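Have it open while you read.

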Amino acid sequence: MNRLEIRELVIDVPERRDGQALTLSVEPGQVWGVLGPNGAGKTTLLHTLAGLRGPRAGQVLIDGRPLAMLGRRQVARILGLVFQERHDGFPATVRETALIGRHPWLSAWQMEGGEDLRLAEAALERLDVVHLAERLVSTLSGGERQRLAIATVLTQAPQIWLADEPTNHLDLHHQSAVMALLAEQAAEGRAVMMCLHDLNLAARWCDHLLLLYPDGEACWGPARNMLVPAALERLYGQRLATAEIDGAPVFVPVR
Amino acid sequence: MITPRRSLWPPLAVLALLGLTALLVSVTLGSAALSLGDVWAVARGEGSPLARTLILDLRIPRSLSAFAVGGLLAVAGALMQVLLRNPLADPYVLGLSGGASVGALAAMLAGLGGAVITGSAFAGAFLSTLLVFGLAHGTGSWTPSRLLLTGVVVAAGWGAVITLMLAISPAERLPGMLYWLMGDLSYSRSPWPPLTLLLVICLLLMPLGRSLNVMARGPLQAAALGVNVRPLEWTIYVVASVLTATAVTTAGSIGFVGLVVPHMLRLVLGNDQRLILPACALTGGTLLVLADTLARTMIAPEQLPVGVITALLGVPTFLYLLYRSR
């Protein structure tokens with residue numbers, strides 16, 4: 001059980017003034033959604049939280065220890081990141097790709113063992129891509145690659161999940177399945193934070209929300225307090241119609 | 001279904017066997033043909049003095065040099081391809097060989113010989129590496145395409161300098177310079193420094209293999225999986241430069257091995273660096289031993305530059321493999 005704490009954090013978005021510093025904490029069991037229009041800094045925020053880029057100000061802490069003081073390998077054992085973009089350099093199979101999730105857990109001389117293979121296999125099974133295990137990644141569809149990326153982080157087995165638009169490219173069923181997986185990770189005591197473009201998925205699956213405005217302003221809190229139509233309309237610069245279906249609010253853009 | 005991970009040893013054992021066979025063939029063949037019996041006699045400490053000199057003083061050192069140089073070039077190529085995440089990268093394309101050539105030719109032009117040529121080539125290779133990586137790094141970070149482009153342009157620049165030097169050099173020095181440019185193992189002295197380096201580097205790279213696998217998927221992904229990207233990038237870059245500089249100073253500028261061998265092996269063996277790097281050392285070595293044997297024997301007693309053979313053999317093989325691959 002690890003908590004991710006953000007103190008007075010200002011992310012480094014080029015050519016943007018500092019805006020509001022973020023101070024919040026993603027506790028074990030919580031599912032945080034990050035909402036905001038294109039270019040608001042959602043991806044930059046997640047990369048900063050993962051220690052892949054430095055903040056302009058402030059600190060990111062895991063269990064009270066600054067990220068910068070932890071080794072990369074130690075961070076990778078606690079925190080996993082599902083990237084929005086992926087580059088395939090050299091050909092690799094689906095199974096090999098999932099297996100690299102074990103990297104932070106293996107010593108330099110260690111080969112992947114039976115247990116690592118079992119974890120990778122289970123993750124592929126969970127994301128419904130196990131039948132593709134021997135295929136080259138370059139031959140997969142966008143949605144299949146997305147599921148593979150999530151399976152790789154599942155193989156990594158982090159206590160803190162950061163996911164950059166995890167439902168990108170996914171069909172409706174797999175969108176639901178992936179959100180259920182992330183919710184399940186939280187229910188098992190892990191902390192989850194994800195960027196989303198779909199307000200309705202956020203409303204249904206997230207218990208906390210962080211709204212990032214393009215000018216650097218931000219507000220955050222429990223989801224029910226944040227899902228105010230006026231605030232969301234200002235966030236996206238888009239008029240919304242609201243309804244309630246199945247106990248969750250639903251937002252539809254109107255002309 | 002869980003399939004056990006392929007063991008690394010069977011393919012390496014096969015490649016090692018091929019390498020030994022190639023070495024044996026290269027020792028028996030030459031302008032004066034020796035039988036396996038002659039070789040065996042020398043190996044037992046017998047045989048005629050001529051055969052002893054031929055085998056122990058000439059052919060074995062030369063064959064071992066060829067093996068070491070081929071291995072060094074192939075491993076250097078494989079490393080640069082991982083660093084740039086681009087199968088086009090190799091010491092030749094990135095201008096390292098060009099820098100070394102300019103260094104060596106400058107020494108030859110000045111009428112200097114032996115160790116000075118070696119030192120000068122080494123300095124040229126390093127100058128070129130610093131130039132390419134320094135310029136490509138610039139103010140930002142290394143992007144593979146920028147690095148590759150810088151390398152290609154620097155290589156073109158070296159090419160022009162080489163042409164200039166050839167144009168102004170006295171006619172009697174030209175053949176030696178041309179041979180050096182196309183790769184020539186008759187310049188090599190002791191095979192042990194490059195061979196030792198090859199072995200040491202392969203052992204040092206083994207524990208880095210999995211990190212390199214992750215690096216091949218991009219620096220961000222690698223960092224997210226716990227790799228210290230920047231130190232690893234510098235390690236790859238320094239190691240690849242030392243390997244190239246050593247290879248080029250031993251045998252002149254031999255293109256193609258660093259590009260083709262890793263690529264061929266990836267098509268057959270996949271892209272696990274823990275397997276690919278030692279396999280590159282063995283296959284690159286084998287290839288150059290065979291190429292050098294051909295270079296020595298095809299128009300014996302005259303010799304061809306080995307670089308010509310590697311290209312003539314390598315180009316069709318490579319194109320065929322590329323055409324067949326999925």
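Q: Which hand does the crossing of helix 13 of chain B and helix 14 of chain B have?
A: This is a predicted model, so that goes for everything here. Helix 13 (residues 273–297) and helix 14 (residues 306–324) of chain B have axes that come within 8 Å and cross at roughly 115°. The hand of that crossing is right-handed.

Q: How do the residues of the contact of helix 13 of chain B with helix 14 of chain B divide by class?
A: Helix 13 of chain B brings Leu287(B), Leu288(B), Ala291(B), Asp292(B), Leu294(B) and Ala295(B), and helix 14 of chain B brings Val306(B), Ile309(B), Thr310(B) and Leu313(B). Sorted by class, that gives 8 nonpolar, 1 polar and 1 charged.

Q: At roughly what angle do the axes of helix 4 of chain B and helix 5 of chain B cross?
A: The crossing of helix 4 and helix 5 of chain B is right-handed. Their axes come within 7 Å, and the angle is roughly 145°.

Q: Which helices do the buried residues of helix 6 of chain B pack against?
A: Helix 6 (residues 144–168) of chain B has 25 residues and reaches 36 Å from its first C-alpha to its last, close to the 36 Å expected. Its buried residues are Leu147(B), Leu148(B), Thr150(B), Gly151(B), Val154(B), Ala155(B) and Trp158(B). Those pack against three stretches of chain B: helix 3 (49–84), helix 4 (96–109) and helix 5 (115–137).

Q: Which helix of chain A gives the largest share of the side of chain A that touches chain B?
A: Across the two chains, 24 residues of chain A are in contact with 20 residues of chain B. Helix 2 (72–78) and helix 4 (114–126) of chain A each supply at least two residues of that side of chain A. By class, the side has 16 nonpolar, 3 polar and 5 charged residues. The largest share, 4 residues, comes from helix 2 of chain A.

Q: Which residue in strand 5 of chain A does Ile62(A) stand opposite?
A: Chain A has an open, antiparallel sheet of 4 strands in the order 2-1-4-5. Strand 2 (22–26) and strand 5 (65–66) of chain A are its edge strands, each pairing on one side only. Strand 4 (residues 57–62) of chain A pairs with strand 5 of chain A in the antiparallel sense over 2 bridges. Opposite Ile62(A) you'll find Arg65(A).

Q: What is the bridge partner of Leu211(A) in strand 10 of chain A?
A: An open sheet of 6 strands in chain A runs 6-7-8-3-9-10, with mixed pairing. Its edge strands are strand 6 (79–82) and strand 10 (218–222) of chain A. Strand 9 (residues 208–212) of chain A runs antiparallel to strand 10 of chain A, joined by 5 bridges. Within strand 10 of chain A, the partner of Leu211(A) is Cys219(A).

Q: What angle does the direction of helix 5 of chain A make with that of strand 6 of chain A?
A: Helix 5 (residues 142–156) of chain A packs on the sheet and touches strand 6 and strand 7 (160–164) of chain A. With the direction of strand 6 of chain A, the direction of this helix makes about 175°.

Definitions and conventions
Residues numbered from 1 in each chain as written. Chains lettered and ligands numbered in written order. Predicted model: local features only at pLDDT ≥ 70, side-chain atom pairs only at ≥ 80, totals over all residues. Contact = placed C-beta atoms within 7 Å. Nonpolar A, V, L, I, M, F, W, Y, C, P; charged D, E, K, R; others polar. Pairing = 2+ DSSP bridges. Expected span 1.5 Å × (residues − 1). Buried ≥ 20, exposed ≤ 12 C-beta atoms within 10 Å, placed from the backbone. Axes fitted to C-alpha atoms, helices over the stretch in contact; angles between N-to-C directions. Left-handed = near helix turned anticlockwise from the far one by under 90°.
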